[in-house]
Amino acid sequence: MGAPSLWGTALCERKLQLFSSSSSTCSFGRVTTCKQRLCTMAQAEKKGGLLRKSSASKKSLKEKVVLMYDEIFMTEDPSKCSPRFWEELFLMKVNLEYLEGKLESLDGEELVKIKDNINCLFQHCIQALGEEHPIRVVNALQTLCALIRGVHQKNKSTSGFDIINMLVGFDKAELCMKNLMESLDSLLCAEGSESLKSLCLKLLLCLVTVTDNISQNTILEYVMINSIFEAILQILSNPPSRREHGYDAVVLLALLVNYRKYESVNPYIVKLSIVDDEATLNGMGLVIAQALSEYNRQYKDKEEEHQSGFFSALTNMVGSMFIADADEKISVQTNEAILLALYEAVHLNRNFITVLAQSHPEMGLVTVPVSPVPTTPVTPLGTTPPSSDVISSAELPLDADVQTSNLLITFLKYSSIVMQDTKDEHRLHSGKLCLIILTCIAEDQYANAFLHDDNVNFRVNLHRMPMRHRKKAADRNLPCRPLVCAVLDLMVEFIVTHMMKEFPMDLYVRCIQIVHKLLCYQKKCRVRLHYTWRELWSALINLLKFLMSNETVLLAKHNIFTLALMVVNLFNMFITYGDTFLPTPSSYDELYYEIIRMHQNFDNLYSMVLRLSTNAGQWKEPASKVTHALVNIRAIINHFSPKIESYAAVNHIAQLSEDQVLEVVRSNYDTLTLKLQDGLDQYERYSEQHKEAAFFKELVRSISINVRRNLAFNTLSQEVLLKEFSTIS
């Protein structure tokens with residue numbers, strides 16, 4: 001910096017000498033003014049350097065691609081004066097922010113004026129996808145993303161132009177979109193660059209999610225006509241492609257399946273329902289399992305960090321006063337996108353049921369190289385795929401020393417976490433979707449076969465909500481049992497832990513329905529499950545007690561008699577058919593013991609429903625149904641209670657032991673009269689279209705918004721792509 005400064009000063013002095021010698025006739029004042037002007041020039045040269053005399057007065061230069069964008073936003077055809085305009089454009093690094101910002105800055109009329117240039121840009125992007133040079137292809141894909149997002153974003157605040165006409169033009173739309181989809185299909189199926197495949201999937205996700213309601217995205221009609229379903233399956237069936245792109249492929253498929261699914265024939269639904277290729281279905285299952293496992297791992301890490309941190313120390317100091325509040329703060333962002341993919345696979349494809357039981361090593365127990373874990377998205381519905389190491393670990397050969405797992409176990413653990421807290425809207429939706437998936441599983445004959453298979457046992461450590469009156473779940477040393485035991489444990493856990501002011505009635509109904517469907521299978525197939533049924537009976541009785549205790553508050557919001565009837569009929573199922581599926585005769589005796597022991601709750605329930613059924617209010621009919629359903633339970637109580645009292649009086653015993661009560665029960669079965677109740681082992685099968693359509697529309701809308709948000713900020717950076725294509729061959 002010193003040399004230019006000295007050189008500038010010397011130059012100034014030399015100029016002054018020349019000026020003085022050639023201007024001897026000038027007055028002293030004029031010479032002084034010229035001298036001041038020259039010194040000022042020298043100072044400017046000292047600041048900017050000799051070769052940048054006037055740089056301070058000029059505006060900063062625009063990069064060439066920005067100048068080319070500006071030409072596109074003129075009404076003239078940019079290729080008129082520059083025939084190689086479009087060829088040069090796709091050699092330039094895309095400036096996504098500028099291109100989208102420029103589109104956003106225009107009003108509706110201005111955008112319509114340059115429609116022809118936008119159409120031309122869109123068409124040349126599609127042509128560039130067929131180029132041999134990968135940099136042109138990359139830039140074309142990036143430009144399409146910016147163009148699609150920019151025009152849709154503009155349309156949110158402006159009405160009056162059609163998206164398809166603005167992007168492509170009505171007259172060329174069919175051919176252009178056909179060419180676009182064929183090019184994307186070729187790129188996805190080719191053996192070329194993984195970065196290109198990744199960007200193709202990003203573009204497709206961008207295309208699908210530009211509108212909040214994907215069913216209003218008319219451009220998706222062309223994605224329906226020109227299917228990329230086979231390309232998605234190829235990615236999922238090929239291990240290297242699956243590791244790189246499986247997550248995006250599964251999320252894309254789940255979204256495409258939900259396009260106008262209730263209004264027209266969706267080819268992606270039809271094709272997904274008939275897939276029977278084992279490698280493809282297993283690949284889809286692995287991607288879903290990996291994403292759910294990553295969630296479970298993050299939760300476990302946070303839980304351990306939480307337990308060893310400040311709150312743990314505080315809890316030890318002051319007792320268990322704060323334990324519930326402390327643990328409520330353990331939170332990992334849920335992933336509805338991957339959960340939706342699991343639902344669609346289970347609901348639509350019966351062959352996928354076999355994937356649920358496909359064994360793989362328990363993720364987290366396999367030693368793999370450690371790499372940085374992707375940051376959790378700040379949005380509530382995370383769509384970040386699991387790290388590559390997690391994905392790799394799932395495909396390692398099975399090791400005899402490693403605990404094996406499967407997709408169903410991973411899903412049950414995931415469910416046990418998200419169903420703990422239903423106060424948050426997203427977790428409530430996640431919990432509901434988990435229960436819907438379990439409903440579909442509980443109805444499937446093959447799924448029930450492996451759920452109840454006594455030869456295939458697993459140890460499933462579900463997460464349990466911290467409660468003051470019980471120890472933490474992890475302290476339990478669980479035995480290996482059939483998987484249906486874990487499902488029942490999850491249902492019991494939910495029943496016990498959600499009796500609260502903001503009562504999740506809908507989730508309770510689904511929970512009881514799942515238990516009922518499992519019992520129907522056991523009754524039908526005479527499966528004698530060795531399960532601690534007392535835990536279920538106790539949870540159900542406590543639920544009835546809660547409904548009665550909060551009758552006034554709950555009736556203001558819910559028809560609690562629907563739920564009460566379902567609970568009572570579960571007991572009727574055990575009473576009527578228990579001899580066909582309870583493991584031992586003593587289990588049947590224990591059922592009667594529990595009913596007699598907790599008779600006060602059934603008596604109170606009968607009094608409540610009798611009171612409401614004799615009034616002319618709105619609850620008369622549903623309360624009457626519960627009254628009739630209680631007939632056998634009341635018969636048991638009324639039959640055995642006097643005999644137990646008599647036994648105690650004769651033997652001079654103030655309080656009978658459990659064994660003594662059971663002895664009375666066993667010796668008095670023959671005189672008990674029960675009524676045969678019809679339809680206890682029948683249920684209405686799950687139907688999405690008629691009952692769940694509104695829920696899924698809102699869920700898909702939420703997922704679409706989140707996928708779009710993550711794409712906008714996380715996934716369209718060029719650096720990695722251009723590094724791969726640093727030279728043009």
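Reader: How many cavities of 30 Å³ or more does the count come to?

Author: The count comes to seven. On a 1 Å grid over the protein atoms alone, a cavity is a set of points where a 1.4 Å probe fits but cannot get out. A volume is the space filled by probe spheres set on the points, which are joined across faces, edges and corners. Before we go on: this is a predicted model, where local features need pLDDT of at least 70 and side-chain atom pairs count only at pLDDT 80 or more, while totals for chains, interfaces and linings use all residues. Residues are numbered from 1 along each chain as its sequence is written, and side-chain values use heavy atoms, leaving out hydrogens and water.

Reader: What makes Glu-294 buried?

Author: Buried means under 20% relative accessible area, exposed over 50%, and partly exposed in between (1.4 Å probe, protein chains only). Glu-294 has a relative accessible area of 6%, so Glu-294 is buried. Arg-297, at 26%, is partly exposed.

Reader: Why do Glu-294 and Arg-297 count as a salt bridge?

Author: A salt bridge needs a side-chain nitrogen of Lys or Arg within 4 Å of a carboxyl oxygen of Asp or Glu. For Glu-294 and Arg-297 the N to O distance is 2.9 Å, so the pair meets that definition. Both residues lie in helix 16 (residues 278-307), three residues apart, about one turn of the helix. Helices here are DSSP runs (H or I, at least four residues), numbered from the N terminus.

Reader: How do you know that Asp-116 is exposed?

Author: Its relative accessible area is 58%, and the cut-off for exposed is over 50%. Asp-116 forms a salt bridge with Lys-115, the closest N and O atoms being 4.0 Å apart. Lys-115, at 19% relative accessibility, counts as buried.

Reader: What does the salt bridge between Arg-701 and Asp-212 tie together?

Author: The two side chains meet at 3.9 Å, N to O. Arg-701 lies in helix 36 (residues 693-714) and Asp-212 in the loop between helix 11 (194-209) and helix 12 (220-225), so the pair ties together parts that are 489 residues apart in sequence. A search of the whole structure finds 33 salt bridges.

Reader: Why is helix 19 called largely enclosed?

Author: Twelve of its 13 residues are buried, so helix 19 is largely enclosed by the rest of the structure. Among them are Glu-336, Tyr-343 and Leu-348.

Technical notes:
1 Å grid on protein atoms, 1.4 Å probe; cavity = no way out; pocket = protein on both sides within 12 Å on 5 of 7 lines; lining within 4 Å. Helix = DSSP H or I, 4+ residues; strand = E, 2+ residues; numbered from the N terminus.
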